[in-house]
Amino acid sequence: MKKKFVQDYKRKAGEEKFSYVGDYYIFYMEEAEKKRRAVFQVLFATLQLVLLVVAGLLNSPGSYKVYIVLPYLCMILPLIYYIMGAVGFSRIPEKMEKHQYEVTMFRMMKSVLAIFFLCVFTVCADGIFLMNNKNEIDAMTEILFWGIMIVLAVMDYVALVYHNRLQKRVVVEKQERKDTK
């Protein structure tokens with residue numbers, strides 16, 4: 001099994017240590033601004049986690065349908081990854097190596113994208129369930145669950161726009177790759 005970033009490190013002839021030869025990702029932001037944004041992102045993710053837990057505690061009739069509960073439950077893992085990336089965001093240097101970039105900024109972008117699509121799928125599935133069973137179920141808890149999922153989808157869309165703007169500020173500095181074998 002090939003390791004992910006092994007090609008980014010090479011040992012020069014006569015040296016014992018490996019040195020980084022991969023591309024650098026340059027992202028300039030003042031330290032105070034970076035920490036403020038990191039705190040905002042952690043709070044944002046925590047709010048999403050709270051909304052997700054509240055939606056799960058509603059015990060709505062749709063929570064017994066696998067096509068609704070499965071994407072809902074799958075949102076937890078990307079949300080945890082998002083929190084991990086947001087915590088690491090305040091510690092990234094201005095000139096990042098590829099693995100630093102991928103475990104912070106790129107991880108947050110992928111996580112928000114995954115949560116957004118899972119929310120949209122859950123909203124659609126729950127909306128269909130509501131329309132098909134509106135007279136047979138307690139619609140109030142189901143509508144509340146559906147509303148929370150819509151709020152989460154809107155929050156994630158706003159986060160996607162925000163992270164897209166952050167991604168545009170990243171400049172890739174290509175390194176010349178020389179074979180040291």
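**Figure 1. Lining of the largest cavity in the predicted model.** By class, the residues that line the largest cavity comprise six nonpolar and one polar, with no charged residue among them. The structure shown here and in the views that follow is a predicted model. The lining is made up of Gln-48, Leu-52, Met-75, Leu-79, Ile-115, Cys-119 and Leu-152, and the elements that contribute two or more residues to this lining are helix H1 (31-57) and H4. The volume of the largest cavity is about 30 Å³, and the count of cavities of 30 Å³ or more comes to one. Rolling a probe the size of a water molecule over the atoms shows where empty space is left.

**Figure 2. The largest nonpolar core.** The largest nonpolar core holds 39 residues, of which Phe-27, Phe-89, Met-105, Met-149 and Leu-152 touch the most other members. Two or more residues of this core come from each of H1, helix H2 (66-74), helix H3 (76-89), H4 and helix H5 (139-168), and H4 provides the largest share, with 11 residues. Leu-152, listed here among the residues that touch the most other members of the core, is also one of the residues lining the largest cavity. In soluble globular proteins, nonpolar side chains tend to be buried together.

**Figure 3. Helix H4 and its kink.** Helix H4 spans residues 98-132, and its 35 residues reach 48 Å from the first C-alpha to the last, close to the 51 Å expected at 1.5 Å a residue. The helix has a kink of about 40 degrees, which is centred on Arg-107. Ser-111 also lies in helix H4, and this serine counts as buried because its relative accessibility is 5%, under the 20% cut-off. Between the C-alpha atoms of Ser-111 and Met-149 the distance in space is 16 Å, while the two residues are 38 apart in sequence.

**Figure 4. Asn-59 in the loop between H1 and H2.** Asn-59, found in the loop that joins H1 and H2, has a positive phi of about 55 degrees although this residue is not a glycine. Most residues other than glycine have a negative phi, and most peptide bonds are trans. With a relative accessible area of 47%, which falls between the 20% and 50% cut-offs, Asn-59 is therefore classed as partly exposed.

**Figure 5. Lys-35 and Ser-90.** Lys-35 is located in helix H1, and its relative accessible area of 47% makes this residue partly exposed. Although Lys-35 and Ser-90 are 55 residues apart along the chain, their C-alpha atoms are separated by 4.9 Å.

**Figure 6. Tyr-24 in strand E3.** Strand E3 covers residues 24-26 and includes Tyr-24, which counts as buried because its relative accessibility of 17% is under 20%. A separation of 24 Å lies between the C-alpha atoms of Tyr-24 and Gln-41, which are 17 residues apart along the chain.

**Figure 7. Gln-7 and Arg-169.** Gln-7 is placed in the segment before strand E1 (9-11) and is partly exposed, with a relative accessible area of 27%. In sequence, Gln-7 and Arg-169 are 162 residues apart, and in space their C-alpha atoms are 26 Å apart.

Notes:
Residues numbered from 1 in each chain as written. Predicted model: local features only at pLDDT ≥ 70, side-chain atom pairs only at ≥ 80, totals over all residues. Heavy atoms only, no water. Helix = DSSP H or I, 4+ residues; strand = E, 2+ residues; numbered from the N terminus. Expected span 1.5 Å × (residues − 1). Bend = angle between axes of the 7 residues up to and from the residue. 1 Å grid on protein atoms, 1.4 Å probe; cavity = no way out; pocket = protein on both sides within 12 Å on 5 of 7 lines; lining within 4 Å. Points joined across faces, edges and corners; volume = space filled by probe spheres on them. Nonpolar A, V, L, I, M, F, W, Y, C, P; charged D, E, K, R; others polar. Core = buried A, V, L, I, M, F, W, Y, C linked by side-chain atoms within 4.5 Å. Buried < 20%, exposed > 50% of the residue type's maximum accessible area, 1.4 Å probe, protein only.
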